[in-house]
Amino acid sequence: MSDEYQAMIEGLAREYNMQAARLRETYGSLNELTATSRSEDGMVTVTIGSRGQVRNIQFDPRVYRKLSPSELSHSIMELIGKGTAEIAERTQELMAPLLPEGLSYEELFGDGVDFASFLPQPIDLPPKGEV
């Protein structure tokens with residue numbers, strides 16, 4: 001293999017590895033996302049995790065005296081919706097620089113697709129002279 005060809009292959013492998021590392025870093029950031037929403041009256045706080053799961057619900061001790069069961073239920077559901085929307089927005093913001101222009105996260109991956117399955121693996125080049 002010529003030195004010029006070897007240098008070109010090594011350059012492409014370095015670029016590929018840099019992009020793969022960038023994707024892995026973004027994926028790590030996505031897994032760490034949380035969103036906390038608080039009701040206007042401060043009675044209910046809900047924390048949502050990176051995949052839309054409810055991580056925590058906290059109540060002010062006075063909540064049971066101030067809100068009826070239906071009002072409490074409504075408040076919880078509203079805060080879950082707000083938190084989930086925030087996670088979705090922040091996910092799109094993190095992913096936007098990595099997606100082909102003109103494609104949204106939903107268009108590319110669809111509902112329920114695991115992003116990790118699309119992550120490339122680093123390339124290990126054989127030592128010089130072996131090919």
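Strands are DSSP runs of E, at least two residues long, numbered from the N terminus. Strand S2 covers residues 44-49, and Thr47 lies in it. The model described here is predicted.

The sheet comes first. Three strands, in the order S1-S2-S3, form an open sheet with antiparallel pairing. Its edge strands are S1 and S3 (54-59), each of which pairs on one side only. From one strand to the next, the twist averages 10°.

S1 spans residues 34-38. S1 and S2 run antiparallel and are joined by 5 bridges. Two of the partner pairs can be named. Thr34 has Gly49 in S2 as its bridge partner. Ser37 is partnered by Val46 in S2. S1 and S2 also form a hairpin, with 5 residues between the strands. In this hairpin, Gly42 adopts a positive phi near 75°.

The two faces of S1 can be told apart. Side chains in a regular strand alternate between the two faces of the sheet. In S1, Ala35 and Ser37 make up the covered face. Thr34, Thr36 and Arg38 make up the uncovered face.

Thr47 was examined in its surroundings. Residues under 20% relative accessible area count as buried. Thr47 has 16% relative accessibility, so Thr47 counts as buried. The side chain of Thr47 makes a polar contact of 3.1 Å with the side chain of Thr36. Thr36 belongs to the uncovered face of S1. Beyond its neighbours within four places in sequence, Thr47 touches Thr34, Ala35 and Thr36, among others. The list of contacts also includes Gln53, Val54, Arg55 and Asn56.

The helices were considered next. Helix H3 (residues 69-95) packs with helix H1 (residues 3-31), their axes coming within 10 Å. The axes cross at roughly 170°. Angles over 145 degrees count as roughly antiparallel. H1 and H3 are therefore roughly antiparallel to each other. On the H1 side, the meeting residues are Thr26, Ser29 and Leu30. On the H3 side, they are Thr91, Leu94 and Met95. By class, this contact has 3 nonpolar and 3 polar residues, and no charged ones.

H3 lies across S1, S2 and S3. Relative to S2, H3 runs at about 35°.

Conventions
Residues are numbered from 1 along each chain as its sequence is written. This is a predicted model: local features need pLDDT of at least 70, side-chain atom pairs count only at pLDDT 80 or more; totals for chains, interfaces and linings use all residues. Side-chain values use heavy atoms; hydrogens and water are left out. Axes are lines fitted to C-alpha atoms, for helices over the stretch in contact, and angles run from 0 to 180 degrees between N-to-C directions. Helices (H or I, at least four residues) and strands (E, at least two) are DSSP runs, numbered from the N terminus. Angles under 35 degrees count as roughly parallel, over 145 as roughly antiparallel, 65 to 115 as roughly perpendicular and the rest as oblique. Contact means heavy atoms within 4.5 Å. Ala, Val, Leu, Ile, Met, Phe, Trp, Tyr, Cys and Pro count as nonpolar, Asp, Glu, Lys and Arg as charged, and the others, Gly among them, as polar. Buried means under 20% relative accessible area, exposed over 50%, partly exposed in between (1.4 Å probe, protein chains only). A polar contact is a pair of N or O atoms within 3.5 Å; within protein, one must be able to donate a hydrogen and the other to accept it, and residues adjacent in sequence count only if both atoms are side-chain atoms. Two strands pair if DSSP finds at least two bridges between them.
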